[in-house]
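Visitor: Could you help me learn to read a structure that is new to me? I would like the general idea each time, and then the case at hand.
Guide: Gladly; let us look at it together.

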Amino acid sequence: QAANKLEAKLIEEKAEVANREEERAELEAKLATQAATHAEEKAELATQVEERADQWRRGMTILAEEKAALEAKMVTQAANHAEEKDALEAKVAMQVANRRMEKAEL
(Lines give C-alpha, C1' and ligand atoms only; values in the text may rest on other atoms or scores of the structure.)
Protein backbone atom coordinates (compact mmCIF):
# COMPACT_ATOMS: atom_id res chain seq x y z
CA GLN A 1 0.00 0.00 0.00
CA ALA A 2 2.84 2.38 0.76
CA ALA A 3 4.20 1.73 -2.71
CA ASN A 4 0.81 2.54 -4.21
CA LYS A 5 0.69 5.78 -2.23
CA LEU A 6 4.19 6.71 -3.40
CA GLU A 7 3.29 5.82 -6.95
CA ALA A 8 0.09 7.87 -6.74
CA LYS A 9 2.09 10.78 -5.27
CA LEU A 10 4.64 10.47 -8.09
CA ILE A 11 1.88 10.44 -10.70
CA GLU A 12 0.29 13.49 -9.04
CA GLU A 13 3.61 15.37 -9.04
CA LYS A 14 4.26 14.43 -12.68
CA ALA A 15 0.79 15.75 -13.52
CA GLU A 16 1.59 19.00 -11.66
CA VAL A 17 4.88 19.32 -13.55
CA ALA A 18 3.07 18.70 -16.83
CA ASN A 19 0.47 21.35 -15.91
CA ARG A 20 3.20 23.86 -15.04
CA GLU A 21 5.01 23.10 -18.29
CA GLU A 22 1.76 23.61 -20.20
CA GLU A 23 1.13 26.90 -18.37
CA ARG A 24 4.70 27.95 -19.12
CA ALA A 25 4.28 27.09 -22.81
CA GLU A 26 1.02 29.07 -22.90
CA LEU A 27 2.71 32.07 -21.28
CA GLU A 28 5.65 31.85 -23.69
CA ALA A 29 3.22 31.71 -26.62
CA LYS A 30 1.34 34.70 -25.20
CA LEU A 31 4.60 36.63 -24.79
CA ALA A 32 5.66 35.75 -28.32
CA THR A 33 2.31 36.96 -29.64
CA GLN A 34 2.63 40.19 -27.67
CA ALA A 35 6.17 40.69 -28.95
CA ALA A 36 5.03 40.16 -32.53
CA THR A 37 2.14 42.60 -32.04
CA HIS A 38 4.53 45.12 -30.49
CA ALA A 39 6.91 44.75 -33.43
CA GLU A 40 4.07 45.27 -35.90
CA GLU A 41 2.87 48.37 -34.04
CA LYS A 42 6.41 49.72 -33.89
CA ALA A 43 6.84 49.18 -37.63
CA GLU A 44 3.51 50.91 -38.31
CA LEU A 45 4.53 53.87 -36.15
CA ALA A 46 7.87 54.08 -37.93
CA THR A 47 6.02 54.14 -41.26
CA GLN A 48 3.72 56.90 -40.01
CA VAL A 49 6.68 58.92 -38.74
CA GLU A 50 8.42 58.59 -42.11
CA GLU A 51 5.24 59.58 -43.98
CA ARG A 52 4.84 62.65 -41.77
CA ALA A 53 8.49 63.54 -42.27
CA ASP A 54 8.00 63.28 -46.05
CA GLN A 55 4.91 65.51 -45.81
CA TRP A 56 6.86 68.03 -43.75
CA ARG A 57 9.74 68.04 -46.25
CA ARG A 58 7.32 68.52 -49.15
CA GLY A 59 5.62 71.34 -47.26
CA MET A 60 8.93 73.04 -46.55
CA THR A 61 9.91 72.71 -50.21
CA ILE A 62 6.63 74.30 -51.32
CA LEU A 63 7.08 77.12 -48.80
CA ALA A 64 10.64 77.74 -49.99
CA GLU A 65 9.45 77.85 -53.60
CA GLU A 66 6.63 80.25 -52.72
CA LYS A 67 9.04 82.45 -50.76
CA ALA A 68 11.45 82.58 -53.69
CA ALA A 69 8.60 83.44 -56.08
CA LEU A 70 7.37 86.23 -53.78
CA GLU A 71 10.88 87.62 -53.41
CA ALA A 72 11.31 87.61 -57.19
CA LYS A 73 7.94 89.36 -57.57
CA MET A 74 8.97 91.98 -55.01
CA VAL A 75 12.24 92.62 -56.84
CA THR A 76 10.39 92.95 -60.15
CA GLN A 77 7.84 95.33 -58.61
CA ALA A 78 10.59 97.42 -57.04
CA ALA A 79 12.36 97.64 -60.42
CA ASN A 80 9.08 98.60 -62.13
CA HIS A 81 8.37 101.25 -59.52
CA ALA A 82 11.86 102.66 -59.91
CA GLU A 83 11.38 102.82 -63.71
CA GLU A 84 7.99 104.50 -63.28
CA LYS A 85 9.49 106.99 -60.82
CA ASP A 86 12.35 107.80 -63.19
CA ALA A 87 9.89 108.21 -66.08
CA LEU A 88 7.67 110.53 -64.01
CA GLU A 89 10.65 112.57 -62.87
CA ALA A 90 11.83 112.90 -66.46
CA LYS A 91 8.33 113.94 -67.57
CA VAL A 92 8.12 116.55 -64.81
CA ALA A 93 11.59 117.85 -65.67
CA MET A 94 10.59 118.07 -69.32
CA GLN A 95 7.39 119.97 -68.44
CA VAL A 96 9.36 122.37 -66.22
CA ALA A 97 11.86 122.94 -69.02
CA ASN A 98 9.05 123.52 -71.54
CA ARG A 99 7.37 126.06 -69.24
CA ARG A 100 10.65 127.88 -68.73
CA MET A 101 11.18 128.02 -72.47
CA GLU A 102 7.64 129.33 -72.94
CA LYS A 103 8.23 132.00 -70.32
CA ALA A 104 11.52 132.91 -71.91
CA GLU A 105 9.81 133.31 -75.29
CA LEU A 106 7.20 135.64 -73.80
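Guide: Let us begin with exposure: a residue is called buried under 20% relative accessible area, exposed over 50%, and partly exposed in between (1.4 Å probe, protein chains only). R24, at 55% relative accessibility, therefore counts as exposed. This is a predicted model, in which local features need pLDDT of at least 70 and side-chain atom pairs count only at pLDDT 80 or more, while totals for chains, interfaces and linings use all residues. Residues are numbered from 1 along each chain as its sequence is written, and side-chain values use heavy atoms, with hydrogens and water left out.

Visitor: What share of the 106 residues is buried?
Guide: Buried residues make up 0% of them.

Visitor: How many helices and strands are there in the protein?
Guide: Helices (H or I, at least four residues) and strands (E, at least two) are DSSP runs, numbered from the N terminus. Here there are one helix and zero strands. The radius of gyration is 45 Å, well over the 13 Å that the globule rule gives for 106 residues, so the protein is more spread out than a compact globule. That radius is taken over C-alpha atoms, and the rule is 2.2 Å times the number of residues to the power 0.38.

Visitor: What box do the C-alpha atoms fill?
Guide: Taken along the principal axes, the box is roughly 155 × 10 × 5 Å. E16 and K91 are 75 residues apart along the chain, and their C-alpha atoms are separated by 110 Å. For E21 and E84, which are 63 residues apart, the C-alpha separation is 93 Å. Both E16 and E21 lie in helix α1. E16 is partly exposed, with a relative accessible area of 37%, whereas E21 counts as exposed at 53%.

Visitor: How many salt bridges does a search of the whole structure find?
Guide: A salt bridge is a side-chain nitrogen of Lys or Arg within 4 Å of a carboxyl oxygen of Asp or Glu. The search finds six. One of them joins R24 to E28, with the closest N and O atoms 3.2 Å apart. These two residues are four apart in helix α1, so about one helical turn separates them. E28 is partly exposed, at 42% relative accessible area.

Visitor: Which residue forms a salt bridge with K67?
Guide: That partner is E71, and the closest N and O atoms are 3.9 Å apart. K67 and E71 are both in helix α1, four residues or about one turn from each other. K67 counts as exposed at 52% relative accessibility, while E71 is partly exposed at 42%. R57 has a relative accessible area of 40%, so it is partly exposed.

Visitor: How many positive and negative side chains does the protein have?
Guide: Lys and Arg count as positive and Asp and Glu as negative, without His and the chain ends. The place of a charge is NZ of Lys, CZ of Arg, CG of Asp or CD of Glu. The protein has 17 positive and 24 negative side chains, and the centres of the two sets lie 8 Å apart.

Visitor: Which residues form a nonpolar patch on the surface?
Guide: Patches are made of residues with over 30% relative accessible area and no salt bridge; like charges are joined within 9 Å, and nonpolar side chains (Val, Leu, Ile, Met, Phe, Trp, Tyr) within 5 Å. Accessible areas come from the Shrake-Rupley method with a 1.4 Å probe, and for residues only the protein chains shown count as cover. Here the patch consists of W56, M60 and L63, which together have about 350 Å² of accessible area. W56 lies in helix α1, which spans residues 2–105, and counts as exposed at 57% relative accessibility.
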